[in-house]
Amino acid sequence: MTAVRRLYEVSARMGAGRSLSETLQAVVDGVVDGLGFGIAVLNLRQADGKFEVIAVAGSPDAREALLGTISAADIFDAEFAIADSWGALRFVPHERLPEGEVVGWVPEIPVSEDPDAWHPLDALFAPLKSPSGELVGMLSVDLPEDQRRPGQIHRELLEIFATQAGLAIDKARLTDQLLAEKVRLEASETTFRLVFQGAGNGMATIAFDPPDPGRVLRVNEAFCRITGYAPDQLIGTSFPSYLDDEDFGQTQREIEELTQTGNEPYRFERRFLRADGRAIWLAGTASIVDQGKDQPRFILVQVDDVTARKDAERELEHNAAHDPLTGLPNRRLLRHRFNAALQRCRQTGSRGAVLFCDLDHFKDVNDRYGHETGDRALREIADRLLAQVRHGDTVARLGGDEFAILAEDISGDALDLLVERLDEAIASPLTDIDVPVTASIGTGIVSPYVTDLDELLRTADDAMYQAKRRKARR
């Protein structure tokens with residue numbers, strides 16, 4: 001039985017709905033049986049931050065010496081400080097270890113003078129993390145089957161396997177199959193293919209090198225479930241064609257960034273067009289897998305659907321910039337748009353205006369009909385204001401019965417006509433309300449000499465009160 005087939009069968013057992021301890025044992029068994037390491041040890045991170053050895057595979061002596069031992073939360077800090085980063089893995093070469101007593105169990109193997117040979121004091125760690133990025137455990141491996149430091153393919157395979165082990169710890173068990181599709185690794189380590197069919201997150205392999213860069217090579221069941229496509233609809237098609245670029249050239253820029261990440265996964269969040277035409281947000285990682293000389297590279301993509309989170313973020317962002325009653329921009333968004341308008345005014349010399357609008361007699365509406373009717377009236381007035389301004393103008397609610405309108409590139413008769421339209425629109429009778437609500441409107445001119453919005457609002461507010469006093473004398 002090949003190592004890849006053994007790995008596949010053990011990985012399938014990991015997702016068979018077993019208890020956590022059985023699943024963790026399947027993890028270390030998978031490392032030994034399928035990844036070509038002689039020993040694997042899994043430290044589970046406890047609630048207090050300490051680490052406990054829960055599973056050991058490959059050596060009865062190691063199991064007897066290590067199983068059940070508990071270590072401090074900072075047990076790995078000193079070693080990681082002198083470790084090499086192999087992607088998400090951490091390799092501690094023996095020659096960097098400080099002199100003194102060796103802590104822990106050490107395999108009894110001969111020491112070779114070959115600098116690439118595996119030394120009994122070498123250590124290779126794979127941090128195990130939950131989907132949220134929380135450290136949940138530490139997988140350490142020892143004694144590669146060829147007695148040499150692992151090559152790139154084995155590192156990539158161990159890193160991906162560790163990702164799924166982290167998911168197993170976080171969810172207490174894997175889905176029906178953690179590794180449902182064979183990993184094929186040829187003896188020369190030139191071909192490396194791994195697809196997780198049954199993993200909780202979507203996975204796909206994408207061609208990176210010519211002749212068909214961007215072509216979808218393989219997808220797993222979760223990827224199809226997330227995107228709504230069947231495998232035969234995706235395989236052979238262009239992956240970038242499903243991505244919704246927020247600006248021109250975004251995909252190309254991200255590919256260039258991916259090529260610069262080296263062994264580190266490139267993290268992304270992108271809009272993806274589902275089979276039903278709906279756009280969803282995918283968050284995940286992309287890594288370039290180098291299969292060796294004369295073999296094309298491919299991109300391994302792991303994704304999760306984060307549309308709900310993105311929608312919540314957009315809603316929070318919208319609520320932070322808009323009035324909850326009328327849906328109009330609030331003072332914060334008005335200030336942002338004013339600052340942009342002031343910059344354009346200083347560049348072109350074209351003036352604009354900020355109108356301060358205060359409703360007359362609106363208190364009588366609330367006193368007579370109640371605040372629920374008053375809120376409905378404010379929404380109606382907001383709609384009327386929006387109907388009278390030009391495209392590109394901003395109508396904002398400052399609070400209570402006060403509104404502001406930002407209008408660019410306007411002056412003279414055009415500004416007077418805008419004020420007249422707004423005044424007439426508000427003065428029209430409100431639905432099912434007998435109180436005659438009118439408006440007092442003051443104007444502040446947007447010129448290159450204005451310093452900020454507050455200054456202009458004070459000017460418009462003073463003008464509004466002058467208009468209100470003139471109206472009262474009539």
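User: Which residues does Val216 touch, not counting residues up to four places away in sequence?
Analyst: This is a predicted model, where local features need pLDDT of at least 70, side-chain atom pairs count only at pLDDT 80 or more, and totals for chains, interfaces and linings use all residues. Residues are numbered from 1 along each chain as its sequence is written, and side-chain values use heavy atoms, leaving out hydrogens and water. Val216 lies in strand E11 (residues 216-219), strands being DSSP runs of E, at least two residues, and helices runs of H or I, at least four, both numbered from the N terminus. With contact meaning heavy atoms within 4.5 Å, Val216 touches Thr205, Ile206, Leu234, Ile235, Gly236, Thr237 and Phe239.

User: How far apart are the C-alpha atoms of Val216 and Thr237?
Analyst: Thr237 is among the residues that Val216 touches. The two are 21 residues apart along the chain, yet their C-alpha atoms are separated by 5.7 Å.

User: Is Val216 buried or exposed?
Analyst: Buried means under 20% relative accessible area, exposed over 50%, and partly exposed in between (1.4 Å probe, protein chains only). The relative accessible area of Val216 is 2%, so Val216 is buried.

User: In what order do the 4 strands of the open sheet lie?
Analyst: Two strands pair if DSSP finds at least two bridges between them; E16 (residues 352-360) and E18 (residues 402-407) are joined by 6. The pairing in the sheet is antiparallel. E17 (394-399) and E19 (438-446) each pair on one side only, as edge strands. The order is E17-E18-E16-E19.

User: Which residue in E18 is the bridge partner of Val354?
Analyst: Strands E16 and E18 run antiparallel. In E18, the partner of Val354 is Leu406.

User: Which residues of H10 are buried?
Analyst: Just after this helix, Gly349 takes a positive phi of about 80°. Within H10, the buried residues are Leu333, Leu334, Phe338, Ala341, Leu342 and Cys345.
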